[in-house]
Amino acid sequence: VAATERARPGLRAGLAAVPPSLDPQLASGTIFSGVVVDLFAGLVTRDAGSRPSPGCAESWSVSEDRLTWTFRLREGLQWSDGTPLVAEDFAWSFRRLLEARTASPLAGQVFVIRNPREGIAGKLPPADLGVEAPDPRTVVIRLAQPVPYFLDLLTILSVAPVPRHAIERHGADWTKAGNFVGNGAFTLVSRQPQGPIRLAKNPRFYDAAAVRIDELSYEPTPDLNTALQRYRAGELDMIQSFAPEQLDRLRAEMPDAVHLVQQAGTNFVALNLRRKPLDDVRVRQALFLAVDREGIAGKVLRSGTQPAWS
């Protein structure tokens, strides 16, 4: 639900969950990913049609065997504190993602590059991890095998660059207001526990001229009905979602404000296979057959969700 015609310098957005971290290599979850997306920019981003498009990299090429990708960075990239952002920052960030001490739950997302498991185990020098920076504006990524969706993979948060100089100076506190350094469209102003996360436009963002919002406040409101009430009362300019049973009413009452957007993702139930009777594959197969995917997608969610069969 979005306010489409309100002219104001700032935007107040409802947030369905509080991010456990603003570190893109630790922030696992899509509900609050918009906050981190506003703070960091990777080699590749997505355009309005959700297609991979140039981000920090202005162009790229791939070898004939589809194993080596070479990215050319935009000229004059900077971190939000004015420090130059160079190719080695991207290479270092990939290495940090795969370090055991980082303990990133997202490390598996880049197992398509060369020697990732050896990198996590610390058995290989950094140059053998499949990501290198031959010069300040060139990032080379070598894959273990051809990956048709590799450009899409580079749009995820975990492969955005993180500021080595800030991390080495402040440790785990580098994401706190006052210490924070990013390279996205916005930078962190303040963050309250369980409260608003306030951002301001980053003038050093590579496409700052296209950013039309000066201030942005993410306000955690986990309850969907409460978030909707706050929106209708004018306390929020935008909310991410609403209870499915509200869809028909909102379409009738607020047709210009309701926007349904498709996302790539899968909802699933994770089972503890150590507990009986779930340790029996026949029981799991029976549960699989018993789930009415069409009914859940078409009658409960009713938002364009498709049944998943694998």
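# Close-up views of a predicted model

**View 1. Lys201 and its surroundings.** Leaving aside residues up to four places away in sequence, Lys201 touches Ala185, Phe186, Ala208, Val211, Ile213 and Asp214; contact means heavy atoms within 4.5 Å. The C-alpha atoms of Lys201 and Ile213 are 6.9 Å apart, while the two residues are twelve places apart along the chain. Lys201 belongs to strand 9 (residues 197-201). Helices (H or I, at least four residues) and strands (E, at least two) are DSSP runs, numbered from the N terminus. Lys201 counts as partly exposed because its relative accessibility is 28%; buried means under 20% relative accessible area, exposed over 50%, and partly exposed in between (1.4 Å probe, protein chains only). The model is predicted: local features need pLDDT of at least 70 and side-chain atom pairs count only at pLDDT 80 or more, whereas totals for chains, interfaces and linings use all residues. Residues are numbered from 1 along each chain as its sequence is written, and side-chain values use heavy atoms, with hydrogens and water left out.

**View 2. The open sheet with strand order 1-10-9-8.** This sheet has four strands and mixed pairing; two strands pair if DSSP finds at least two bridges between them. Strand 1 and strand 8 are at the edges with a single partner strand each, so one side of each has no neighbour in the sheet. On average, neighbouring strands of this sheet are turned by 25 degrees against each other, direction ignored. Axes are lines fitted to C-alpha atoms, for helices over the stretch in contact, and angles run from 0 to 180 degrees between N-to-C directions.

**View 3. Strand 9 and its two partners.** Five bridges link strand 8 (residues 186-191) to strand 9 in the antiparallel sense. Phe186 stands opposite Lys201, and Ser190 has Arg198 as its bridge partner. Five residues lie between strands 8 and 9 in this hairpin, and Gln194 in the turn has a positive phi of about 60 degrees. Strand 9 also pairs with strand 10 (residues 215-220), antiparallel and over four bridges. Here Leu199 has Leu216 in strand 10 as its bridge partner.

**View 4. Arg12 in strand 1.** Arg12 is located in strand 1 (residues 10-15). With 24% relative accessibility, Arg12 counts as partly exposed. Not counting residues up to four places away in sequence, Arg12 touches Ser217, Glu219, Gly234, Glu235, Leu236, Asp237 and Met238. Between Arg12 and Leu273 the C-alpha to C-alpha distance is 43 Å, and 261 residues separate them in sequence.

**View 5. A nonpolar patch on the surface.** The patch consists of Val269, Leu271, Leu273 and Leu287, which together have about 370 Å² of accessible area. Patches are made of residues with over 30% relative accessible area and no salt bridge; like charges are joined within 9 Å, nonpolar side chains (Val, Leu, Ile, Met, Phe, Trp, Tyr) within 5 Å. A salt bridge is a side-chain nitrogen of Lys or Arg within 4 Å of a carboxyl oxygen of Asp or Glu. Accessible areas come from the Shrake-Rupley method with a 1.4 Å probe; for residues, only the protein chains shown count as cover. Leu287 sits in helix 8 (residues 281-290) and is partly exposed, with a relative accessible area of 40%.

**View 6. The open sheet with strand order 4-5-7-6.** The four strands of this sheet pair in the antiparallel sense. Strand 4 (57-62) and strand 6 (131-135) are the edge strands, each pairing on one side only. Strand 4 is joined to strand 5 (residues 68-73) by five bridges, and Trp60 stands opposite Phe71 in strand 5. Helix 2 (residues 87-97) lies across strand 5, strand 6 and strand 7 (138-142), at about 165 degrees to strand 6.
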